[in-house]
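Have the structure open as you read.

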Amino acid sequence: MAVAGEMSGVRRGDAPATPRVSSEWVVTSGVVTFVAWLTLIPLGFLVWQSFMTPQTAARAQQFTLANYIEAYTSPETFSLFVNSVQFASGTAVFALVLGTLLAWMSERTNTPFKSVFYATSIIPLVVPGILFVVSWIMLASPKIGLFNLILRNLFDTDYTFFDVYSMSGMIVVDGLHYAPIAFLLMTAAFRSMDPSLEESALMSGASTLQIAWRITLRLAWPAVAASFLILFIRSIESFEVPALLGLPVGIQVFTSSIYDAIHRYPSNVGLASAYALTLLVITSGGIWFQARIGSQGNKYSTVTGKGFRPRVIDLGRWRYVTAAIFLLYALFAIAMPFFILVWSSLQRFYSVPSWAALKNVTLRSYQSIISYPNVSGAVWNSMVLSLSSATLVMLLTAVLAWIVLRTRIRGRWMLDNMASLPMVMPGLVLGLAIMICYLTVGGGIYGTIWILLIAYVTRFLPYGMRYNTTSMLQIHKELEESAAMSGASWLQSFWHIVLPLLKPGLLAGWIYVVVVSVRELSSSILLYSPGSEVVSVIIWELWQNGQYVELSAFGVMLIATLFVFTLVAQAIGRRYGIKET
Amino acid sequence: MLSVKALFTEYQTPKGPPVKAAQDVTFEVPKGKFFTLLGPSGCGKTTTLRSIAGLERPVSGDIEVNGNLVYSSSRGIFVPPNRRNFGMVFQSYAIWPHMTVFANAAFPLEVRKNRPNKQQIKDKVMSVLHAVGLDHLAEREATKLSGGQQQRLALARALVMEPELLLLDEPLSNLDAKLRDKMRFELKRIQRDLGITTIYVTHDQGEALALSHEIAVMNEGRVVQIGPPRAIYERPKTKFVADFIGTTNFIDGDVRGFDETAKRWRVDTPLGQILVESDGTLKLGGKASISIRPEDVELQEAPLSGSPTDNHLSGVVDQRIFLGDFVDLEVKVGNYLLRSRAHPSLRTPIGEKINVRMNPEKCLAIEDDGGLKEVA
Ligand SMILES: Nc1ncnc2c1ncn2[C@@H]1O[C@H](COP(=O)(O)OP(=O)(O)OP(=O)(O)O)[C@@H](O)[C@H]1O
Ligand SMILES: [Mg+2]
């Protein structure tokens with residue numbers, strides 16, 4: 001009863017609640033401290049380091065502005081900036097156009113087979129970025145790329161048709177990989193649109209194209225702009241594509257420069273930090289804009305709630321064209337990349353698909369990868385890390401979301417911002433910040449698997465926050481209050497009422513965090529050490545060593561595992577009455 | 001003008017059989033008339049309207065407008081909705097939030113094949129906006145309009161294309177009560193001034209009675225009765241219609257014979273034997289279902305002067321509710337509770353005896369189709 005009294009006291013909020021030591025208080029303050037420690041401290045170290053000279057055996061660190069001077073005065077920085085923006089906006093536009101087209105086709109037209117759109121078009125989300133890039137190198141590199149070889153044979157020239165090692169190559173590969181995100185965002189936008197807005201245009205005599213252009217797309221404009229920014233941020237942060245496709249031909253972007261600055265000898269962490277902070281400013285700007293559009297978007301929010309009848313447009317013969325577009329997408333984003341990986345995994349040494357090479361098919365690479373040193377350790381590490389980080393993230397953010405939405409504790413908006421902060425931190429930047437932090441304050445964590453766990457939990461905090469806030473908003477406050485009135489303590493009501501009701505969101509978020517943790521490369525690449533490798537790092541190493549067939553075998557097994565995991569987890573979720581989100 | 005013949009529309013459902021939303025719907029609307037589809041929620045009004053619009057593709061039937069078939073299953077004709085030139089106002093108004101008031105209303109002209117020039121568009125749009133009283137708001141953002149103004153704008157947008165047919169789906173249901181009354185008159189005035197053939201969908205019987213030249217009452221996908229408002233109200237054909245339009249007393253009884261002097265049927269009921277009006281469906285010895293409106297149940301304390309062709313009964317006041325301009329009473333006659341609506345000057349207290357007179361002309365023998373089912 002004491003707790004119930006205090007809780008309602010806090011809710012009504014005007015009178016300052018007498019601070020009593022209750023489980024609610026302990027949990028709340030513990031969580032706040034923990035989140036601050038996760039997100040704010042490393043950021044502080046990053047800023048500090050960017051003003052310091054490199055530490056050497058001979059000299060201690062000193063305050064300096066040299067890092068910024070070097071970062072901003074070198075002529076390369078300008079091209080770095082131009083490259084980054086060009087790459088990120090190119091990727092965002094490409095992914096957005098493709099994703100919006102696919103979403104429109106699947107939500108608004110009678111394109112054949114569109115029922116399989118949704119399921120297939122999100123498959124690329126499960127595929128780790130580095131594997132996608134590697135498979136595209138096998139498909140479209142000038143020397144060994146399958147597409148080039150086929151076309152050269154066909155036209156009997158040695159012209160290079162596709163060059164994946166170029167700005168446009170980078171944009172296409174990253175854009176194809178991110179198109180599903182645009183697809184999901186735009187599908188949601190189209191679904192929340194009142195169909196009668198389009199129907200009244202139809203009754204006004206407008207044609208299909210006029211409706212799509214003048215009504216549907218304009219109404220979805222806030223969603224288009226927000227999606228563009230999300231995709232822009234994602235691609236300016238992306239590491240795999242610039243590292244694998246850009247670096248070999250000298251196309252530098254921020255992420256690859258950060259990596260370069262750390263891995264050159266002697267490594268220059270200060271310079272990397274200066275780059276990282278610049279990148280941070282760009283992504284923060286993007287997120288800020290996106291939040292602004294989001295709040296403006298309410299103006300257009302057209303959900304009316306009265307009997308939606310999603311009407312499909314009869315495209316007539318054009319529906320074969322749209323079906324072909326979808327098929328092409330599935331071919332280039334799913335089928336071909338997977339095919340080339342499987343093919344390469346069945347070879348002794350990498351060779352382009354041909355009848356001759358078909359005779360050499362062997363499973364040897366699978367044998368050798370299993371016995372490869374570190375592989376079993378890395379698989380174990382990845383499994384432990386992804387399961388525990390997903391569980392931690394979801395539980396932690398459940399408490400956070402509860403505090404933000406359900407209490408009147410002063411400064412809770414800060415908590416919300418703190419938990420969303422990692423969203424603006426590219427993986428590489430976060431990895432760098434954490435690296436500096438634990439190299440300096442130590443505690444023996446650096447060099448162990450724990451530092452990876454910290455990185456993952458921090459990095460995926462915003463995702464957990466989003467899943468939990470969404471589902472928390474749907475739980476009526478009175479359900480909790482009646483638990484308190486029944487005499488339950490705060491902990492009891494949180495455990496028995498709130499968490500079970502959050503279950504659908506918790507499970508969906510948990511699956512998502514598991515998958516992205518397994519794929520995580522850009523933080524891990526800075527934080528792993530011998531003994532704490534994870535699967536994505538193994539793939540990276542295999543690539544550096546030129547062990548393409550082993551890499552492919554490993555990749556095929558990894559993709560298959562992730563795919564099966566997602567299916568099984570969703571099936572379990574459905575059995576317990578949890579709807580897909 | 002509009003003729004709908006044997007229209008069937010179904011919805012496919014992912015699981016289970018298709019929903020039969022409109023079945024064998026047939027009606028004719030003469031030019032310039034206001035025709036209303038009336039019925040409870042889920043009876044298929046919207047479906048019928050959308051089938052006329054072309055937004056839904058029927059399973060079978062014919063729809064003809066001005067002598068042109070826009071849909072015919074037998075001849076394989078389906079004119080797409082954007083070629084039909086029908087104006088439609090949706091329940092949610094469907095005002096495009098990214099456009100100004102003017103741009104919303106101008107849209108149908110701008111997407112035309114033979115698009116008028118800028119000045120012509122402007123003149124036309126402004127005159128329509130003037131007609132609905134929105135001309136002073138032309139440059140305002142459409143989202144900054146009140147509910148009633150949005151409703152007018154939706155109407156203006158439907159009218160600007162000079163449609164052959166105006167289709168309205170519960171256009172007043174999102175407005176508050178006062179505004180609804182006002183817009184009701186407005187709608188009627190505009191419709192009459194323009195002389196435009198209008199199909200109106202509503203579940204509000206008051207609205208239907210007030211606005212329409214003719215009403216089609218629908219139930220479970222079928223049209224139950226078509227007629228002018230007065231006929232629908234005064235001479236409902238079935239229990240469902242009587243129940244849905246206004247309130248009524250239902251009395252079941254057995255047919256005893258035909259009274260030659262009164263030219264009415266005699267029916268034994270829980271009230272006693274009464275004389276009833278019938279259009280010929282009653283049979284000697286059969287069952288009868290009788291409807292009488294509360295306002296046709298006359299009450300008085302003084303003894304009634306006897307006439308053998310009238311229904312005279314006596315009962316006891318069981319319940320009374322004062323409602324300002326009238327009182328509602330329940331009178332126990334035999335063991336039947338008869339509802340009556342009387343002038344507030346009637347002050348008989350509960351438990352007192354009272355005399356009841358029911359004009360046999362108002363005691364209607366109707367078809368028992370199960371009446372109005374309560375919908376969740
Ligand atoms: N898109 C659809 N898919 C499946 N069934 C539908 C669909 N639209 C309507 N129905 C069903 O068809 C029947 C008739 O619906 P309709 O919308 O025509 O009713 P209505 O008379 O307009 O009702 P209301 O007054 O509630 O608007 C209902 O049983 C409804 O559930
Ligand atoms: Mg309806």
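Glu277(B) and Arg235(B) join their side chains in a salt bridge, 3.1 Å from N to O; the term covers a side-chain nitrogen of Lys or Arg within 4 Å of a carboxyl oxygen of Asp or Glu. The count between domain 1 and domain 2 of chain B is 1 salt bridge. Helix H7 (residues 229–234) of chain B gives the largest share of the domain 1 side that touches domain 2, 3 residues. Helices here are DSSP runs of H or I with at least four residues, strands are E runs of at least two, and both are numbered from the N terminus.

A word on the ground rules: this is a predicted model, where local features need pLDDT of at least 70 and side-chain atom pairs count only at pLDDT 80 or more, while totals for chains, interfaces and linings use all residues. Residues are numbered from 1 along each chain as its sequence is written, chains are lettered from A and ligands numbered from 1 in the order in which they are written, and side-chain values use heavy atoms, with hydrogens and water left out.

**Domains in each chain**

Domain bounds come from an automatic or database domain assignment. Chain B splits into domain 1 (2–239) and domain 2 (247–366). For chain A, the assignment gives domain 1 (1–9 + 26–49 + 370–581) and domain 2 (77–303 + 313–362). Buried area, used in the table, is the accessible area (1.4 Å probe) that two parts lose on being put together, summed over both.

| Pair | Buried area | Carbon and sulfur share |
|---|---|---|
| Domain 1 and domain 2 of chain B | about 750 Å² | 49% |
| Domain 1 and domain 2 of chain A | about 3500 Å² | 80% |
| Chain B and chain A | about 2300 Å² | 59% |

In chain B, Tyr233(B), Arg235(B) and Lys239(B) supply 69% of the area that domain 1 buries against domain 2, more than any other three residues. Contact (heavy atoms within 4.5 Å) involves 8 residues of domain 1 and 7 residues of domain 2 in that chain.

In chain A, 37 residues of domain 1 are in contact with 41 residues of domain 2. The count of salt bridges between these two domains is 0. H26(A) gives the largest share of the domain 1 side, 12 residues. By class, that side has 30 nonpolar, 5 polar and 2 charged residues; Ala, Val, Leu, Ile, Met, Phe, Trp, Tyr, Cys and Pro count as nonpolar, Asp, Glu, Lys and Arg as charged, and the others, Gly among them, as polar.

**Where the chains meet**

The contact takes 31 residues from chain B and 25 residues from chain A. Asn82(B), His98(B) and Val111(B) supply 24% of what chain B buries there, more than any other three residues. The rule finds 2 salt bridges across this interface. Arg50(B) and Glu199(A) meet in a salt bridge at 2.9 Å, N to O. On the chain B side, H1(B) gives the most, with 4 residues.

**Helix H9 of chain A**

Glu199(A) is also one of the buried residues of H9(A). At the start of H9(A), a side-chain oxygen of Asp194(A) comes within 3.0 Å of the backbone nitrogen of Ser196(A). Gly205(A) follows the helix, with a positive phi near 100 degrees.

Note on methods: Buried means under 20% relative accessible area, exposed over 50%, partly exposed in between (1.4 Å probe, protein chains only). A polar contact is a pair of N or O atoms within 3.5 Å; within protein, one must be able to donate a hydrogen and the other to accept it, and residues adjacent in sequence count only if both atoms are side-chain atoms.
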